[in-house]
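Please examine the chain shown below. The questions that follow concern its contacts, its surface and one of its strands.

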Amino acid sequence: MRKIFVLLTTMLLLNGCAESVALLGPSISGAGNGKILQSSFNSAISYGVKKQTGKAPLEHVKAYAEKINPEKKDDQGSESLNEDNLVCTAIKQIKKNSELAVIADVALDPYTSHGHDGVLDENGYVENDKSLSLLIEQALTLAKAGADMVAPSDMMDGRIAGIRESLESNNFANTIILSYAAKYSSKFYGPFRDAVGSSANLGAGSKDTYQMSVANIEEALHEVKMDIEEGADIVMVKPGMPYLDVIKSVKDTFKIPTFAYQVSGEYAMLKAAIENGWLAEEVLEESLLSFKRAGADCVLTYAANEIAIKLNQ
């Protein structure tokens, strides 16, 4: 039987901001989060949610990132624990009006005033252990809102074990954990960070102390092994196309469901080349096939809707 090729749509939710975000593809202009949510929801339904294509079963899963009102940011990322925050509200709307599965990101960087994924000490370094309690509570908050899958992308050590224990002790044993197990400190995240506002907060700082060195594959395998042992159901490699060797190594070594993330910089450069006539439109589909060839069971991409249209033709 042919493998299922699952396309995930990443939606940027703007908290009532009337601004254009052309960085991630087509412009989102002059619309609050409700209009964007409804538009993206309608697109997913129109482009083949739960329909059989001539090539393979196609399913959309919605993954969420968010741009938070700067006034709601603080050094602890407290807004991430608000059960009525932007993402929780969006998840509740989707679960109320559809049978779509929802993946929700677990990380503090959209909510912190400094743009990091955890709590900082007096010297500006992320404190792993102090960040864990917030991340665990955030994951539980998202599960309560209706997320089918929580996806810790923070890269703090020990967060998978803590989240798994919290979910199971609060009657969310069936909530899936998708771990961003091999997340590199990459420059390919630029367009997304600009869009959600964490780039400006981060300033000249970097995430090198907790995200992985771009030169290191052994650390990736170590991190994946640790997350599997702590209770991760699925692991993710991020970014995607520059790290096809990592995807293959993870899949070959652990034989676990493995996702790949075609991040904003990858998507943006391909779209820019297409729009300028330097590359043919087919490079998008070719790039996704490269993930499958490397062993990815699922690809998270900003190109989901446009690829879904082609697959349904």
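Q: What percentage of the contacts in the chain with a separation of 6 or more comes from residues 24 or more positions apart?
A: The model is predicted, so local features need pLDDT of at least 70 and side-chain atom pairs count only at pLDDT 80 or more, while totals for chains, interfaces and linings use all residues. Residues are numbered from 1 along each chain as its sequence is written, and side-chain values use heavy atoms, with hydrogens and water left out. A contact means heavy atoms within 4.5 Å. Among contacts with a separation of 6 or more, the share from residues 24 or more positions apart is 75%.

Q: In which sense do E8 and E9 pair?
A: Two strands pair if DSSP finds at least two bridges between them. Strand E8 (residues 149–152) has 2 bridges to E9, and Val150 stands opposite Ile177. The sense is parallel.

Q: Which residue in E10 is the bridge partner of Leu178?
A: Strand E10 (residues 234–238) runs parallel to E9, joined by 4 bridges. In E10, the partner of Leu178 is Ile234.
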